[in-house]
Amino acid sequence: MNKVLPKVAEIFVKICHIIFTKDALDLKIEELVAVAPSVFTMHQFCVNKYSRQAIDQKTSREEISEAIMLTMLIAESSQLCWENAYGKNVYELIFGGDNSKEKGNNCNCSSGNAGK
């Protein structure tokens with residue numbers, strides 16, 4: 001991102017410095033919270049970075065492991081129970097019944113019509 005969007009990278013770094021300060025949450029908790037989405041998105045650089053920073057804040061291996069396991073549990077269960085805007089379980093839409101409402105031009109996410 002530094003080479004492609006240097007201004008965005010600069011702003012991102014500033015935001016990180018603002019967020020990762022001891023305010024309402026102590027730094028140990030903030031680092032654990034940062035580990036979770038890094039694991040969820042499988043972003044290895046950030047998993048390593050935030051795990052090391054959590055260790056620097058006296059976070060134990062067990063605490064980091066538990067944060068990772070909770071992330072995996074929530075990610076897995078959210079996929080099993082995933083519902084969409086129609087209020088139906090996605091797996092029911094994929095594998096059962098008439099899906100005609102969900103087919104065709106009803107999705108605006110990639111057609112350039114988002115928000116219209």
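This is a predicted model: local features need pLDDT of at least 70, side-chain atom pairs count only at pLDDT 80 or more; totals for chains, interfaces and linings use all residues.
Residues are numbered from 1 along each chain as its sequence is written, and side-chain values use heavy atoms, with hydrogens and water left out.

Helices (H or I, at least four residues) and strands (E, at least two) are DSSP runs, numbered from the N terminus. Of the 116 residues in the protein, 20% are buried; buried means under 20% relative accessible area, exposed over 50%, and partly exposed in between, with a 1.4 Å probe and protein chains only. Among contacts (heavy atoms within 4.5 Å) with a separation of 6 or more, 29% join residues 24 or more positions apart.

Back to the opening pair: helix α2 spans residues 27-40 and helix α3 residues 44-56, and their axes come within 8 Å and cross at roughly 160°. This angle makes α2 roughly antiparallel to α3. Axes here are lines fitted to C-alpha atoms, for helices over the stretch in contact, and angles run from 0 to 180 degrees between N-to-C directions. Angles under 35 degrees count as roughly parallel, over 145 as roughly antiparallel, 65 to 115 as roughly perpendicular, and the rest as oblique. On the α2 side, E31, A34, V35, S38 and V39 meet C46, V47, Y50, S51, Q53 and A54 of α3. The residues of this contact divide into 7 nonpolar, 3 polar and 1 charged. In this grouping Ala, Val, Leu, Ile, Met, Phe, Trp, Tyr, Cys and Pro are nonpolar, Asp, Glu, Lys and Arg are charged, and the others, Gly among them, are polar.

Helix α2 also packs with α4 (61-80). Here the angle is about 40° and the axes are 9 Å apart, which makes α2 oblique to α4. The crossing of α2 with α4 is right-handed. From α2, K28, L32, V35, A36, V39 and F40 meet E63, I64, A67, I68, T71, M72 and A75 in α4. This contact is made up of 10 nonpolar, 1 polar and 2 charged residues.

Two loop residues deserve a glance. In the loop between α2 and α3 sits M42, a residue other than glycine with a positive phi near 55°. M42 is exposed, at a relative accessible area of 75%. The loop between α3 and α4 holds K58, which is not a glycine either, yet has a positive phi of about 70°. K58 counts as exposed too, with 70% relative accessibility.

What about the cysteines? A disulfide is counted when a pair of cysteine sulfur atoms lies within 2.5 Å, and by this rule there are 0 disulfides. The closest cysteine sulfur to that of C16 belongs to C46 and is 8.4 Å away, so the gap is too far for a bond. C46 is likewise in no disulfide, its nearest cysteine sulfur being that of C16. C16 itself is buried, with a relative accessible area of 19%.

Methods:
A crossing is left-handed if the near helix is turned anticlockwise from the far one by less than a right angle, and right-handed if clockwise.
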